[in-house]
Amino acid sequence: MKKAPSELSPSGKKKTEIVHVYVLLFAMCIIVALLTYIIPAGSYARETVDGRTVVVADSYEVQESTPVGVFGLFNSVSKGWSQAASIIFLVFMVGGAIKVIEDTGVIDQVLTNSMGKLRGKEEAIVIIVSLILSIMGCTGTFSTANIAIVPIALAFSRRLGYDRFLAYALAYLAVNAGFSAGEFSIFTTSVAQGIAEVDQFSGMALRIAEHVVFFLIYCVFILRYMRSIKADPSRSIAPFSESELAEDAQLDQRKLTIHQILAGLVLVGGFVWLIYGATVQKMSTTELTTIFFFMAVFGGLLGDLGVNGTAKSFAKGLSGMAGGAFVVGMAKAISVVMTDGNIIDSVVYYLTTPIAAIGSVLGAGVMFLFNLCFNLLISSGSGQAVAVMPIMVPIADLTGITRQVAVEAFKLGDGISNIIVPTAGAMMACLGIAKVPYGKYVKRILPYFLVTTLVSFLFVVGAQMMGWS
């Protein structure tokens with residue numbers, strides 16, 4: 001029997017599909033549910049110290065087993081979505097707000113105009129645009145919206161005589177340099193600190209230092225690549241075709257309209273309000289979500305989208321974030337199964353011993369490496385936060401690792417791995433639009449990935465050595 005056309009690649013071979021993240025997460029729920037029949041149930045005593053709920057050392061006790069059955073397994077998904085509702089709605093609202101601002105044209109026009117200011121100074125304009133995108137990346141809200149930048153970056157790269165990989169690097173790697181540091185990231189830093197009961201966006205100085213270092217590493221990497229293909233075009237991993245090079249690659253440079261300027265001010269003002277509200281006013285996740293609703297409404301109206309136009313853009317933004325939003329709920333289901341099976345403290349107990357044996361400094365590094373690998377299963381930053389932080393926080397308390405360092409181990413592990421793991425949806429989307437083959441990409445990016453991994457490991461270990469809290 002012949003395979004259906006949809007199941008075959010152009011060469012006639014059966015397509016190999018990457019397992020969907022929902023399948024991976026539910027499979028993990030099944031595995032954890034089975035473990036509730038194997039791992040002894042147990043719990044630690046907890047107490048409140050200086051407003052934080054902390055685990056009492058040496059208080060672990062084995063309890064009666066409460067294994068999770070079939071209904072409990074499926075019910076964990078519903079409970080996970082329910083318990084992660086505030087984060088899920090935050091993800092939705094961010095997607096809606098950014099899409100509204102994006103549809104006013106202000107983001108595309110600012111980038112397009114900036115690309116045409118320094119003709120003959122290609123390296124300078126690449127660095128300037130990369131810096132802008134990197135700063136946007138550190139908020140966490142641009143980690144998927146950057147997909148829309150790829151077409152502009154392709155036209156820019158073609159006009160300057162470079163290739164498709166440069167366009168991808170601008171749209172994704174530059175953003176990731178800021179996202180990995182995440183000094184203002186609403187999806188990683190904020191969510192993880194909330195779970196760890198650490199002040200929102202505290203520890204800013206170290207994360208800014210990380211951002212500077214990551215951006216410098218990115219600059220060295222991309223400039224070396226640009227110079228190498230300028231000297232020898234055959235070294236390009238994703239060149240443009242001759243027909244594409246023959247096209248007029250001039251970008252449409254126009255002055256910003258008054259409406260676009262107003263929409264841009266709403267975007268900037270919204271992020272200023274967001275930072276102030278999170279750091280000074282100690283706003284809750286629900287209140288931070290409200291700020292993005294303000295940005296959506298006023299950004300659309302002042303950006304001349306009209307009432308219906310604003311609503312349509314907002315709806316598109318919501319639909320675009322649906323998959324990622326419910327990854328958070330699916331990830332939360334894992335900890336729900338562990339909690340219902342009463343094994344989460346048992347896992348903490350068994351993991352604490354080897355980490356305590358190697359000491360808190362190297363233990364912090366192990367935490368980072370664990371998250372680096374775990375991101376292969378959960379590429380959503382907020383989803384990974386709700387899955388791993390409930391385990392990492394008590395381990396940190398029991399092994400002398402500060403909670404701030406535990407947050408950092410998670411955040412850096414998540415951010416750095418997003419430049420190479422095939423389950424990173426935004427990365428694969430940008431590669432697809434830019435038509436950069438994943439296999440060739442991995443070979444080219446591997447040194448960059450290894451360097452940033454080593455630097456991140458040193459940041460985590462160094463932070464623990466300093467007792468960073």
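1. In this predicted model, one aromatic cluster is made up of F165, Y168, Y172, F221, Y225, Y438, Y441 and Y448.

2. What does the F221 and Y448 pair tie together? F221 belongs to helix 9 and Y448 to helix 19, so the contact links parts that are 227 residues apart in sequence.

3. Now please turn to another pair. The count of aromatic pairs comes to 14. Among them is F214 with F459: the ring centres are 6.4 Å apart and the planes stand at 70°, so this pair is edge-to-face. The cut-off behind that label is an angle over 60 degrees.

4. F214 is in helix 9 (residues 204-231) and F459 is in helix 19 (residues 438-465), so this pair ties together parts 245 residues apart in sequence.

5. Are F214 and F459 buried or exposed? F214 has 2% relative accessibility and therefore counts as buried. F459, at 17%, counts as buried too, because the limit for buried is under 20%.

6. Finally, a charge and a ring: K230 places its charged end over the ring of Y162, at 4.6 Å from the ring centre.

Definitions and conventions: Residues are numbered from 1 along each chain as its sequence is written. This is a predicted model: local features need pLDDT of at least 70, side-chain atom pairs count only at pLDDT 80 or more; totals for chains, interfaces and linings use all residues. Side-chain values use heavy atoms; hydrogens and water are left out. Rings of Phe, Tyr and Trp (its six-membered ring) pair if their centres lie within 6.5 Å; planes under 30 degrees apart count as stacked, over 60 as edge-to-face and the rest as tilted. Helices (H or I, at least four residues) and strands (E, at least two) are DSSP runs, numbered from the N terminus. Buried means under 20% relative accessible area, exposed over 50%, partly exposed in between (1.4 Å probe, protein chains only). A charge sits over a ring if NZ of Lys or CZ of Arg is within 6 Å of the ring centre and within 35 degrees of the ring normal.
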